[in-house]
Amino acid sequence: MEQIPKIVGQRLRATATVGPHPDAGLLTAFVEKSLSGHERGQVLEHLAQCAGCREVVSLSLPETVAGQAVLLKPLRGWWLSWPALRWVAVAACIVVVGALFTDRHLQHEKLATLAPGNQTLSLALKNDSDLKTSGARSENDRLAAKLEAPPVAPPKRDLNRPREAVKAPSPAQSAGAIAARAAATESMANAKVYSYSAPAQGVQAPSASQSVEVATAPSPTMPTRSEPAKNHASADGSFSSNMEPRSTNETVEVAAEAPAVEIAEATPGKAKEAKKSLQKESQAQMASNMTARSGAADQLAVQAKNYSAMVGLAPPARWTISAGGAVERSLDAGKTWQPVPVADHVIFRAVSALGTEVWAGGTGGALYHSSDSGQTWVQVKPNAGGTPLTADIISLQFLDAQQGKLMTADHQTWITTDAGKSWQKQ
Amino acid sequence: MSNGSLQSDGEAFSALETALAELFERSRGGEVGLERSEFVAILREIAGKYLAPNAPASEVTLFCSSLRVEELALARACALGRERAWEVFLVRYREKLYDIAIYITKESSAARELADSLYADLYGTAAREGQRISKLASYTGRGSLEGWLRTVLAQEHVNRYRRGRRLVSLEEESEEGVQYAAVDPEPPVAVDSRVEVATDEVLGALATEDRFLLAAYYLDARTLAEIARMLGVHESTISRKLDRLAKSLRKQILLALGRKGMSRRQAEEALQVDVRDLQVNLRRHLMQEMPPGAFSGKKVQEHIGEGSKERNGAPGRLEGRDSPVPEGLSGGEGLRR
């Protein structure tokens, strides 16, 4: 950095006329950038002249900013410091994106040229391009697409059967849903396939009430990133889908929608028209249909969690207790807070979180533990020598997943060294 | 930063009934033992502090809506001594206070002392007319409560440091041989008053943010990263701005000196040479050259004193005996004492 003439520093010191200092509220608002333009200018004018207030502002900067700065630093590794390699990385990204689009285009062309009588409707995910055409084109999609499914032969359409359609789940937005689809490919071999043909003359298309039994992933409504309260996010910001765990081999009935086109008897001309319209519909359906064994729901949740942890896109969760004694969590570094249901009729007073391990304690010795960042909770009943804990818990401290300490309103201290399985009263 | 009161606050606030009801509900003041009337009085006080006396109702509504009402209700309920509020405050902020203090002081015992001291102020150990005086009563909700606690802790830390510097133990001074000297006073006369005036003109014409950058970087010796965090911009932005500033300052001062009748050469010489550069700090110079412990500070002082006596017999010479005397300055031309 170029040096300035020494006289400049001398005059800066000499001409500093410090007026009344801004109060702590204004300085805080300045640091948090919540001042109006005029007020910010006034505070900045004072800071330009007052070394003491500059020091206060510097010390009161939140440490998370520094921590994040430190965290971000390693990403700029030595290999990225070479300008040439940066451009190579950019070029590689462009090539990958171009390849994806070309592949998708080829897939669409292939579908469009399917011969009459051999059209098939696939309800399973065929390949990468299907994964990529569905949902938002986010970074999540690209990474999740790596968990690709082996190609599955699309089912053949039997023109004699009424056309059936399956109401597809809405396009997935979350990382969990994408990973869920990817993981579902394990059951591709068992996916049901349907074949249909143009029905005989006069036969109407199936009505909306006709249902088709499919084995599909649960949770037709996928959570989105914009609804963090509904997503069960872990402490490291990973998301898991709202899919509820189901027993294995359970199937779910899905209502079919009435097709938009009435299918007439298979005459060459009309059948072709019908097939073309069906092709269009099938393309739309293939984009969002999936099949999976319901037993894969557990795998999906684990994979979604691992995947999201790998990506690490969201900031770590923060926990607190509201004024009303409810457990609350923030996924945006404390800007907004969402209540997390733990237990009814308990006023919580203490919470401790370490990664995905969360402990919450409250009145009457109520102690709850979650090892999945608040998705599920288990009540823990500390008992020392036959004496259960009944006092209000006011403090919780856990050094790691195993060792923890709680304190009560009547000054009792209880310690565990095995993740709450056993407790000792001090 | 208006300190006026809302003279027509009755009108302004009566028009805000709906907004006030929403704000009170959002603040959850009832859960921490704060009455609605108390909450309204608090908002009135804060609006009066920061808004113009005759601010319209819409501006008052907008301002009140921008406050952190939930944290405001909690803090003010604590200031009023509501136990439920204190329970919540303790759960949320007791440990955070300590963590923030650790971050500021970088040392555990000092952090504990600082945090405990502030906690006592927040709780309100002093009493005036039977009423407890809590520091939380000055929280206005302009920023987050956690941020406010950071600022208050930082202020206390800076104040303690300043108080500590003024109170110097004589025993410490002689034992360690280190001079806890006060900041050296500026020499009374500059190189040339025209240089000072020109510099003042150029600095006065700078934008506020530019002066802040210069002060933070060149006076406080802060890093680019620190300054960037303070202003909420990227480090490279600060680097570019400072570089541009440094380059343009010299140029602007030279132009200003030219307008004051100096030739280009004279102006460059005047700007290049600062007589204070020639006042070699012999004390520091000698202490740096000697191995540690070889001489105490007092012996160094005596040595300097002897040197001064020698030089006093040679008028017109500068203290920096071994330093080269720049051309044109040996006779004191341009120098005024």
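**Exercises on strand pairing and the A–B contact**

In E7(A), A:Glu357 is the bridge partner of A:Leu354. The structure is a predicted model, in which local features need pLDDT of at least 70, side-chain atom pairs count only at pLDDT 80 or more, and totals for chains, interfaces and linings use all residues. Residues are numbered from 1 along each chain as its sequence is written, and chains are lettered from A and ligands numbered from 1 in the order in which they are written.

**Exercise 1.** Describe how E7(A) pairs with E6(A) and E8(A).

Solution. Start with the terms: strands (E, at least two residues) and helices (H or I, at least four) are DSSP runs numbered from the N terminus, and two strands pair if DSSP finds at least two bridges between them.
- Step 1: E6(A), residues 348–354, and E7(A) pair in the antiparallel sense over six bridges.
- Step 2: Two residues lie between these strands in their hairpin, where A:Gly355 takes a positive phi near 65°.
- Step 3: E7(A) also runs antiparallel to E8(A), residues 367–370, with four bridges joining them. Here A:Gly361 stands opposite A:Leu367.
- Step 4: Four residues separate E7(A) from E8(A) in a hairpin, and A:Gly364 in the turn has a positive phi of about 65°.

**Exercise 2.** Is strand E7(A) buried or exposed?

Solution. A residue is buried if 20 or more other C-beta atoms, placed from the backbone, lie within 10 Å of its own, exposed if 12 or fewer, and partly exposed in between.
- Step 1: On one side, A:Glu357, A:Trp359 and A:Gly361 are buried.
- Step 2: Six of the six residues of E7(A), 357–362, are buried, so the strand is largely enclosed by the rest of the structure.

**Exercise 3.** Describe the pairing of E12(A) with E13(A).

Solution. 
- Step 1: E12(A), residues 393–398, and E13(A), residues 404–408, run antiparallel and are joined by five bridges.
- Step 2: A:Ile393 has A:Thr408 as its bridge partner.

**Exercise 4.** How many residues of chain B are in contact with chain A, and of which classes are they?

Solution. Two residues are in contact if their C-beta atoms, placed from the backbone, lie within 7 Å.
- Step 1: 58 residues of chain B are in contact with 54 residues of chain A.
- Step 2: Elements giving two or more residues to this side of chain B include helix H6 (83–105) and helix H13 (235–259).
- Step 3: By class, this side has 27 nonpolar residues (Ala, Val, Leu, Ile, Met, Phe, Trp, Tyr, Cys and Pro), 20 charged (Asp, Glu, Lys and Arg) and eleven polar (the others, Gly among them).
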